[in-house]
Amino acid sequence: MQATPVCNSPMESPSHPSFGRHSRASSASRFSGIFRSSSGRKAYRKRNDKGWPECTVIEEEGSYDDFEGAEGFSRRCQVLLALMGFTILFTVFCLIIWGASRPYKAEVAVKSLAISNFYFGEGSDYTGVPTKMVTMNCSLKISVYNPATLFGIHVSSSLINLIYAEIPVATGQLKKYYQPRKSSRTHTVNLEGTKVPLYGAGASLTVSGTGGKVPLKLEFTVRSRGNVVGKLVRVKHYNHVLCHLPLNSTNTKPLKVSRDTCTYD
């Protein structure tokens, strides 16, 4: 009978792989067999202090920061494109709203004109030149209708002139106000003129002073502005009104003005 050898440590066990000289030599022979050149000769490699051959590590050029930078740039591009797309869509929407709001122009109509005072006589202007002069006081009724269903309008006017022979003999103005949508409003505007010199035009007014017809012309412009989308989208309209009104200087009753008497542009 043969006695079984006693192993003092796991390293001395027959089943445990040996890391001695034989193992190192076999490993070296295996690696030397791998690192051969294409001509069949052995390629000698530099070994480290443990006897293992050193391998050359190939480093890739560049870094991952480049890819991160490219990814960040693409995100910025996406955000920029999204903003541009939103701006274009919003601009198209505003243009559509603006185009749809253009036909809603305020409607202006002159209702009546009543003369309170009318004085005609001799006088002199501020330079002392003698001439015929007119003092006049009358009231004008104007109706303004806003046909828009989506927005209100801000209404104002230029000077309202009552003209005789191209000379304004009475002047007034419509005060600026706000008018809601789909609404109508009537205004009374006072027209006044005090000692207005007529110069050469006064010669034709001598007969009218006894109660004849005075050919007057009424002219003004009504401005309306609607804020459709705040201050971003606005619509503006202008109504130019011109009326020919033969008035009796002695008649204090209001003169009704028909729509055919005036032109509205």
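K195 is placed in strand β7, where helices (H or I, at least four residues) and strands (E, at least two) are DSSP runs numbered from the N terminus. The residue has a positive phi of about 50° although it is not a glycine. Most residues other than glycine have a negative phi. K195 counts as exposed because its relative accessible area is 58%; the classes are buried under 20%, exposed over 50% and partly exposed in between, with a 1.4 Å probe and protein chains only. K182 likewise is not a glycine and has a positive phi of about 50°. K182 belongs to the loop between β6 (177-179) and β7 (183-197).

This is a predicted model, in which local features need pLDDT of at least 70 and side-chain atom pairs count only at pLDDT 80 or more, whereas totals for chains, interfaces and linings use all residues. Residues are numbered from 1 along each chain as its sequence is written, and side-chain values use heavy atoms, with hydrogens and water left out.

The protein contains two helices and eleven strands. Along the sequence, these elements follow the pattern α-α-β-β-β-β-β-β-β-β-β-β-β. Of its 265 residues, 29% count as buried. Contact is defined as heavy atoms within 4.5 Å. Among the contacts with a separation of 6 or more, 65% are accounted for by residues 24 or more positions apart.

One residue illustrates such pairing across the sequence. S112 is found in strand β1 (residues 107-124). The C-alpha atoms of S112 and V257 are separated by 5.1 Å, although these residues are 145 residues apart along the chain. Neighbours within four places in sequence aside, S112 is in contact with S139, L140, K141, P254, L255, K256 and V257. Why is S112 classed as buried? S112 is assigned to that class because its relative accessible area is 13%.

A search of the whole structure finds one salt bridge, a term that requires a side-chain nitrogen of Lys or Arg within 4 Å of a carboxyl oxygen of Asp or Glu. The partners are the side chains of E166 and K217, at 3.5 Å from N to O. The pair links distant parts of the chain, 51 residues apart: E166 is in the loop between β4 (159-164) and β5 (167-173), and K217 is in strand β8 (residues 213-229). E166 is exposed, since its relative accessible area is 64%, whereas K217 is buried at 18%.

The surface may be considered next. The protein exposes about 18,400 Å², of which carbon and sulfur atoms supply 57%; accessible areas come from the Shrake-Rupley method with a 1.4 Å probe, and for residues only the protein chains shown count as cover. Patches are made of residues with over 30% relative accessible area and no salt bridge, with like charges joined within 9 Å and nonpolar side chains (Val, Leu, Ile, Met, Phe, Trp, Tyr) within 5 Å.

F86, F90, F93 and L232 form a nonpolar surface patch, together having about 450 Å² of accessible area. Of these residues, F86 lies in helix α2 (residues 64-101). F86 is classed as exposed because its relative accessible area is 57%.

A patch of positive charge on the surface gathers K176, K231, R234 and K236. Lys and Arg count as positive and Asp and Glu as negative, while His and the chain ends are not counted; the place of a charge is taken as NZ of Lys, CZ of Arg, CG of Asp or CD of Glu. K236 lies in strand β9 (residues 233-248), and its relative accessibility of 46% is why K236 counts as partly exposed.
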